[in-house]
Amino acid sequence: MEWEAEMGTVEATNLGVWLNNFGQDKKRTVTYHLTKEEGPPHNPRFTYRQQSLLENTMNIPIASILRGLGGKCVLDWALVFFQRKHICRSFLGVFSVSLAVVDTLLTLSVTAVHLQAEGHLLGLKLTRYHVCLLVQILGEVYSALQWPVVIVAGLDHFFSVTRRWQASSRLSLFGSGLLWILSALYVFLLSDFRPIMEEVFHIQIHQCWVFHTSQILHIATSLLLILGCVALHAGRLTLKHPPLKDQTTDQSRAHSRRSFVLQTLHIFLNTWALLLVILAVLLLLPVGIPAYLGLNGAWLCFLNSLLIAVVLCAVCPASQLGQGGGAVPPDSFCEWRFTLSPPSEDRARSHR
């Protein structure tokens, strides 16, 4: 990984050495130098790619960052406490605990460095440059975690609903730790991440450039589209012509599937309608979400309910749930209770 600097290219072969020198020499500290008055530096090496990168950042006061991180920690631990009875029964629950721990460590570290303005830890000289650096790095790690968490949680819910396999708490803990490690390695070794700092003395830093993310909106839109397509498919099956006598069973199953999907959609929308409206507003307005706030406990709770709805509509285990052969993953917000019609009632509805 290479870090471009004003005097040339500095190769970060030893991250510890690089962090120790970070902030001591202004000409070797940052990738892209910014000043409040001049904006992006005017030099031939400031390419269009760097300009587009800066357009995806926002300048936030450090005090606001600390308040945001503190509020995020309180929200994370409040949701962990609220779900304490079953939080270890799913991958998303275990990952929520790990996220709360990481957010707490980040908040305490950033607050300590900011208040001391200059200190030492394990031979590293820490300044306010490192406050902005930590926030940017963790923001990139959070962004890199979004889709892997969705995929792993979706598979976990699928196996739970179909009763094919049930992940243990230890396996979920191992998976969460592995995702954190792989995401951090991706940010440092494979991604094109470059830190952005102001070219001022570290004592004078009162604001940080942070990246904003739109992955939350992309993930929510994608999953909602999948949910809508599955619901339309279930409804289309019941709009066919009246069945023949030998097709009564198939038509009965189609009615049962449609009823199950409609109940699933009603339960999900009845709980998360307000948040869906907020996401729609964020999608329409050019408002960026800071990357260090993108991955939070509230988003994981919404994602848990949305993934459960998608899996239930796709698998539609109505008969399994009625016979006790299926299980709905734990959810503290949506009450997944279904009214399942007996087969005789389905057949009578099909003959009408």
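These legends go with close-up views of a few spots in a predicted model. Local features here need pLDDT of at least 70 and side-chain atom pairs count only at pLDDT 80 or more, while totals for chains, interfaces and linings use all residues. Residues are numbered from 1 along each chain as its sequence is written, and side-chain values use heavy atoms, with hydrogens and water left out.

**View 1. F82 meets F333.** Rings of Phe, Tyr and Trp (its six-membered ring) pair if their centres lie within 6.5 Å; planes under 30 degrees apart are stacked, over 60 edge-to-face, and the rest tilted. Ten aromatic pairs turn up by this rule. For F82 and F333, the ring centres are 5.7 Å apart and the planes sit at 50°, so this is a tilted pair. F82 belongs to helix 3 (residues 62–82) and F333 to the loop between helix 11 (318–322) and helix 12 (343–351), so the pair ties together parts 251 residues apart in sequence. Helices are DSSP runs (H or I, at least four residues), numbered from the N terminus. For the cut-offs, buried means under 20% relative accessible area, exposed over 50%, and partly exposed in between (1.4 Å probe, protein chains only). F82 and F333 also belong to one aromatic cluster with F268, W272, W299 and F302.

**View 2. Y142 and W180.** Here the ring centres are 6.0 Å apart with planes at 75°, so the pair is edge-to-face. Y142 comes from helix 5 (residues 128–162) and W180 from helix 6 (residues 169–190), so parts 38 residues apart in sequence get tied together. Y142 and W180 are both buried.

**View 3. Helix 4 against helix 10.** Helix 4 (residues 91–116) packs on helix 10 (residues 297–315) at about 170°, axes 10 Å apart. Axes are lines fitted to C-alpha atoms over the stretch in contact, and angles run from 0 to 180 degrees between N-to-C directions. The two helices are therefore roughly antiparallel (angles over 145 degrees). Helix 4 brings L92, F95, S96 and L99 to the contact, and helix 10 brings G297, L300, L303, N304 and L307. Contact means heavy atoms within 4.5 Å.

**View 4. Q263 and its partners.** Q263 sits in helix 8 (residues 248–284) and is buried, at 18% relative accessible area. Setting aside neighbours within four places in sequence, Q263 touches R337, F338 and T339.

How values were computed. Angles under 35 degrees count as roughly parallel, over 145 as roughly antiparallel, 65 to 115 as roughly perpendicular and the rest as oblique.
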